[in-house]
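Here is a short report on a predicted model. Please keep the sequence and the structure open while reading.

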Amino acid sequence: MEDFGYPSRPGYPQYAIYQPILDRFLLTSGNLDKIFLVSDLLANRYHTLVVELNSAKNYHPNLIDNSCCENWTCQGVLDLIKPSSFRHPLDISYIASSSIVDYPIQEEKSWAEFLYRWVYRIDDISRKCVHNLDQQIFISSMFDLPGSELVEYIDTINQIKKSSLRILFFANNQEQADQNIKSFFEQCKNTIPWWNDV
Amino acid sequence: MSKIILLNHSLLTEHPEIMELLLSYGSYDWKKFFNTQKLFIHEARYSRTHYNPWPFRNEVADLFKQRMPSFSDKEYEFGEVTDHRISEILDIAEGRPWAICWSGGIDSTVMICSVLKNLEPQQRKNFAVYCNHVSIWENPRFFREFVEPNFKLIDSFRYEKVYENFDQYLWIDGEPADCLWGSAYRYRISPQELGRSWRSSLDTLVSSFIQRLTDTQSAKWFCERVIEDIENSGLEIDTLSQFTWWNNFNTGWIGTNFRKTYFQNKISVYHIMENFINWYDNEAYQQWSMWYNLVLPFESDYKKAAKQYIFDIDKNVYSLNFKTKMHSGGRKGRHEWLAVLDDGTYIAKDDINTVISMLPDHLNL
């Protein structure tokens, strides 16, 4: 995995996805929005919590990244999972090494990484599709301009994003999901005239 | 002349006039009683055995068949009891369609699995599932494969909707499942410790979640009341897990079963209890619970038998291995009553004078 899950700049927070039953981290990232989205996408398998690693008393940069996060767990996370726990990153007391369990952890970690890669890719595509349109999008939300193709275009991009995430949410096989999204993107070429450019 | 049979304990403390009346009964330690109310997520604390360690009379246990059955010492199996529950509810329904309250959690998913397993599509064709986005989020795959294709959906975003459609369905709720399982997880005692004798682990008990929700003195006082209750139960309650189970099974049961009545004060409580069935409130489940908690060794995998029952239907390995207890997102609303009377009516939440005039007769002092 190319993204080791460090913060984008020194001193910025580092987040992690914690699986409470496996009692270990599955992914780390410096991007809160992205890591929450991966946590949401994992919910079709199981529920995970997003924690802020630097809230741990023994945190230091370079302690955990995506090459080793599955060997670590945390102490002091919630005793009872509440739906509201899933909407903000939780503080933890300590980071500790995780115990050995009789479960194919790597498969779960690999799935989280797979989702993470696609979350970045989908976001990248949609950002490129609306590149340089920020001012136009703002003006279109302020005025009801007649027959603006821009609104329709933005709707289409949002639909593409939603459909791709839906494929990921319901998928249980990486190869199959890869194939499904790629063939879906093929169809999108007909909807977005300059798709090939992104 | 009517009398109070049920009090909303958590609302009492909001009214200084009511507290003043109770404190005039100086012999009772009301402060510790109310300090420990937070230990009960449901708003009433009544014993359902003939020994009553709490300060309010528990006639409600007789009026609504809430007494604990005698332990038959016969082995019960969770799956058999769950399959059998269907025929009991069919008898109660008398042909009415069911509205099943589904939170997405383990207990309510068991109910849906039992319906799908034991009833033909023709028998359940008009059944509805009452759920919302949080329910779906809790178990998306089950919703997609089993709920959506088989049931009409009623949005449970507002709990009042139950009462807007009340007589159209027989409503089925997943209460009081947590009282059957014991919910030892709430005490935040490690699984290893839960198997130990409570007699030699009183410090663990006091320092568990009891103390975290109150203060040390109140926590000790509370444990003494439960011990009193256990010693009068006639059952062999030895371990910490059995201690915590007993507290929920005896004292949490009634409050949990009446929980659905709190959000209105118009429909007779008798009508609500007849038309809104608590799936797990029957003799067989209670016998199973006593067998499971008193005879079988402590099982650290919470609600394992229920998860296995679900797995037999949905074949979802993730759900079997990873599904855990979550704080239910359902049933939010404003409490509308301070007390329930034996004629089925209510004393509204702001009618303090009526409560004050009737409260002395409800005291068990």
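## Strand pairing in chain A

In this predicted model, A:Tyr18 stands opposite A:Phe25 in β2(A). The two strands concerned are β1 (residues 15-19) and β2 of chain A, which run antiparallel and are joined by five bridges.

## Helices on the chain A sheet

## Chain A as a whole

Chain A has five helices and five strands. From the N terminus on, the elements run β-β-α-β-β-β-α-α-α-α. Of the 198 residues in chain A, 26% are buried. Take the contacts in chain A between residues at least 6 apart in sequence: 66% of them join residues at least 24 apart.

## The parallel sheet of chain B

Chain B holds an open sheet of five strands with parallel pairing, in the order β4-β3-β2-β5-β6. Which strands stand at the edges? They are β4 (152-155) and β6 (276-278) of chain B; each has a single partner strand, so one side of each is left without a neighbour in the sheet. Neighbouring strands here are turned by 25° against each other on average, direction ignored.

Strand β5 (residues 170-173) of chain B pairs with β6(B) in the parallel sense, over three bridges. B:Asp173 has B:Asn278 in β6(B) as its bridge partner. Helix α5(B) lies across β2 (98-101), β5 and β6 of chain B, and runs at about 150° to β5(B).

## A helix pair in chain B

Helix α5 (residues 78-93) of chain B also meets helix α16 (residues 283-294) of chain B. Their axes come within 9 Å and cross at roughly 170°. An angle over 145 degrees counts as roughly antiparallel, and α5(B) and α16(B) are therefore roughly antiparallel to each other.

On the α5(B) side, the contact involves B:Phe78, B:Val81 and B:His84. They meet B:Ala284, B:Tyr285 and B:Trp288 in α16(B). The residues of this contact divide into five nonpolar, one polar and no charged.

## Domains of chain B

Chain B is divided into domain 1 (4-71 + 202-255 + 333-362) and domain 2 (78-179 + 279-322). Their centres, taken over C-alpha atoms, are separated by 28 Å. Across the boundary, 14 residues of domain 1 of chain B are in contact with 13 residues of domain 2 of chain B. The domain 1 side of this contact divides into seven nonpolar, six polar and one charged.

## A lysine in chain B

B:Lys117 is placed in helix α6 (residues 106-118) of chain B. Is B:Lys117 buried or partly exposed? B:Lys117 has 14 C-beta neighbours inside 10 Å and so counts as partly exposed. B:Tyr51 is 66 residues away along the chain, and the C-alpha atoms of B:Lys117 and B:Tyr51 are separated by 40 Å.

How values were computed. Residues are numbered from 1 along each chain as its sequence is written. Chains are lettered from A and ligands numbered from 1 in the order in which they are written. This is a predicted model: local features need pLDDT of at least 70, side-chain atom pairs count only at pLDDT 80 or more; totals for chains, interfaces and linings use all residues. Helices (H or I, at least four residues) and strands (E, at least two) are DSSP runs, numbered from the N terminus. A residue is buried if 20 or more other C-beta atoms lie within 10 Å of its own, exposed if 12 or fewer, and partly exposed in between; C-beta atoms are placed from the backbone. Two residues are in contact if their C-beta atoms, placed from the backbone, lie within 7 Å. Two strands pair if DSSP finds at least two bridges between them. Axes are lines fitted to C-alpha atoms, for helices over the stretch in contact, and angles run from 0 to 180 degrees between N-to-C directions. Angles under 35 degrees count as roughly parallel, over 145 as roughly antiparallel, 65 to 115 as roughly perpendicular and the rest as oblique. Ala, Val, Leu, Ile, Met, Phe, Trp, Tyr, Cys and Pro count as nonpolar, Asp, Glu, Lys and Arg as charged, and the others, Gly among them, as polar. Domain bounds come from an automatic or database domain assignment.
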